[in-house]
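Okay, thanks everyone, let me get the picture up on the screen.

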Amino acid sequence: ALISHSYVTALRELSKFQQFEGLSQAARVLRRRGLPAKMVKRLTHLDSAYHVARHISERSCDTFLHDLARMTAELLPADPTFPASSSAHPSATDGNPLSMH
């Protein structure tokens, strides 16, 4: 709901100046008119997040994760001595993927 609300509100605000089909288009046009790069980036990210959120489903997530696992398995070497994880990764030290060391 937050993404949708932010997207619609931002698009309405920007459409006061010119009609745009989406926030990415608006960001490109307004960048040439002097909109700060940070705001261009934020608008582009919000546009992407909105479109993902509109089309995401449990099935699409399952398909994505299945495809990712299959593709990464094809990329990894068949050598069983190849390290699966790096000790530099935070979760490798304490088992908590959310910890920040």
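This is a predicted model: local features need pLDDT of at least 70, side-chain atom pairs count only at pLDDT 80 or more; totals for chains, interfaces and linings use all residues.

**Helix packing and a tyrosine pair**

The axes of α2, residues 23-32, and α3, residues 37-55, come within 8 Å and cross at roughly 165°. Anything over 145 degrees counts as roughly antiparallel, so that's what we call α2 relative to α3. As for handedness, α2 and α3 make a left-handed crossing.

Who's actually touching whom? On the α2 side you've got Leu-23, Ser-24, Ala-27 and Arg-31, and facing them from α3 are Val-40, Leu-43, Thr-44, Leu-46 and Asp-47. Sort the residues of that contact by type and you get five nonpolar, two polar and two charged.

Staying with α2 for a second, which of its residues are buried? That would be Leu-23, Ser-24, Ala-26, Ala-27, Val-29 and Leu-30. The cover over those buried α2 residues includes α1 as well as α3. And just past the end of α2, keep an eye on Gly-34, which takes a positive phi of about 105°.

Okay, on to the aromatics. How many aromatic pairs does the structure hold? One. The partners are Tyr-7 and Tyr-50, and they're stacked, with 3.7 Å centre to centre and 5° between the planes. Tyr-7 belongs to α1, residues 2-14, while Tyr-50 is in α3, so the pair links distant parts of the chain, 43 residues apart. Both of those tyrosines are buried, too.

Conventions: Residues are numbered from 1 along each chain as its sequence is written. Side-chain values use heavy atoms; hydrogens and water are left out. Axes are lines fitted to C-alpha atoms, for helices over the stretch in contact, and angles run from 0 to 180 degrees between N-to-C directions. Helices (H or I, at least four residues) and strands (E, at least two) are DSSP runs, numbered from the N terminus. Angles under 35 degrees count as roughly parallel, over 145 as roughly antiparallel, 65 to 115 as roughly perpendicular and the rest as oblique. A crossing is left-handed if the near helix is turned anticlockwise from the far one by less than a right angle, and right-handed if clockwise. Contact means heavy atoms within 4.5 Å. Ala, Val, Leu, Ile, Met, Phe, Trp, Tyr, Cys and Pro count as nonpolar, Asp, Glu, Lys and Arg as charged, and the others, Gly among them, as polar. Rings of Phe, Tyr and Trp (its six-membered ring) pair if their centres lie within 6.5 Å; planes under 30 degrees apart count as stacked, over 60 as edge-to-face and the rest as tilted. Buried means under 20% relative accessible area, exposed over 50%, partly exposed in between (1.4 Å probe, protein chains only).
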